[in-house]
Amino acid sequence: MNSPPSTPAHLAADESFQRWVLHPDAESERHWAAFAEANPALSESIAEARHLVRLLRAEQERTAREAAQATKARLFATLAETPVVPLGRAWWQRPASWVAASVALVLLAVGGYFYQKNAPVEIRTAFGETRVVTLPDGSTVTLNANSSLRYAPDFSETKIREVTLTGEGFFRVRHTPDHRRFRVRTARMDVEVLGTEFDLTARPTVARVVLQTGKVAVQSRQNPAESLTMKPGDLVEVTPRTARLTQRRVQPAPYRAWMEGLWVLQNEPLDAVARRIEEEFGVRVTFARETDRTVEVSGTVSSRDLNDLTAVLTETLGLRFERRGDEVHILP
């Protein structure tokens, strides 16, 4: 911006500001953090503008709900006013049969309307893509590559805010005034919270949750009697082989570095790195020598581009990462 906006209304009208408030990502966080630091006198205006943007979004959602309810009322009013067709003559002998056919069409329309209105929302990311999803309650999920998120279009009619995750996502869960619980379901574990931030991985090779802030409870899907309560800095994971929950203390930052387009590797076996490449870039990784699977990898590498990633690994490890179409071959 050449001249920074000086009032909450000006800020709230800025499209990039709106995107930051409603759909934050790493780039917008950096931009507006720098703006706030450069304009400390506008701190109150920024806070008020954020409030205005959220109020506008809430009003838009309320208007949409009222429009849907009005449509529902009109459809039922149409059904109520449709005359009942007396039986007796064959359908082709009475003109009223056309009314009955119309009623059937309206019923189909009503069914289709409610199916679409209540059908779960499903968001998917492609290989190499990340995406920020804003849920109906204002919570956000940053989806990692090759991941999917499934949730109800409206949380107001459910006792528990529930979503289903496949892949990996970083959750920022809003605490609601009525203290409604928020639950994430995965194939091997369920995570339940009130309001917090955590990274959750639900891939074939690993199921893991790393808690950033707040408090969560983790329950095993294979053994529902097994559950753990986490505090910030805890990591809980379950492996396909044991199906048991294990808990340990970690530094959470490296586990969310993927949102910045980075992998922070800490003595990771090359075999695990290869599986991660497969899951996030959609390629098949092969080893010319089985002994190379146990080579440990440490360091921070860019994960935005597969060619750049393999080039760094080639230089660092003294191995050749040779890409041939949808395959990456690790050679001496």
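Is Arg172 buried, partly exposed or exposed, and what is its relative accessible area? Arg172 is partly exposed, with a relative accessible area of 28%; here buried means under 20% relative accessible area, exposed over 50%, and partly exposed in between, for a 1.4 Å probe and protein chains only.

The model is predicted, so that local features need pLDDT of at least 70 and side-chain atom pairs count only at pLDDT 80 or more, whereas totals for chains, interfaces and linings use all residues. Residues are numbered from 1 along each chain as its sequence is written, and side-chain values use heavy atoms, with hydrogens and water left out.

**Figure 1. The salt bridge between Glu197 and Arg172.** The side chains of these two residues meet at 3.6 Å, N to O; a salt bridge is a side-chain nitrogen of Lys or Arg within 4 Å of a carboxyl oxygen of Asp or Glu. Glu197 lies in strand β8 and Arg172 in strand β5, and the pair links parts of the chain 25 residues apart. Strands (E, at least two residues) and helices (H or I, at least four) are DSSP runs, numbered from the N terminus. Glu197 is partly exposed, at 24% relative accessible area.

**Figure 2. The salt bridge between Arg185 and Glu162.** The closest N and O atoms of this pair are 3.8 Å apart. Arg185 belongs to strand β6 (residues 182-185) and Glu162 to strand β5 (residues 161-172), so the bridge ties together parts that are 23 residues apart in sequence. Arg185 is partly exposed at 23%, and Glu162 is partly exposed at 31%.

**Figure 3. A network of salt bridges around Arg183 and Glu192.** Between Arg183 and Glu192, the closest N and O atoms are 3.0 Å apart. Arg183 counts as buried, with 18% relative accessibility, whereas Glu192 is partly exposed at 22%. The network also includes Glu162, Arg181, Arg185, Asp190 and Arg221. In total, the structure holds 24 salt bridges.

**Figure 4. The second largest pocket, with a volume of about 670 Å³.** A pocket is an open set of points on a 1 Å grid over the protein atoms alone, where a 1.4 Å probe fits, with protein on both sides within 12 Å along at least five of seven lines; lining residues have an atom within 4 Å of a point. Grid points are joined across faces, edges and corners, and the volume is the space filled by probe spheres set on the points. Of the 27 lining residues, Val206, Arg208, Glu237, Glu268 and Ala272 are the closest to the centre. Helix α6 gives the most to the lining, with seven residues.
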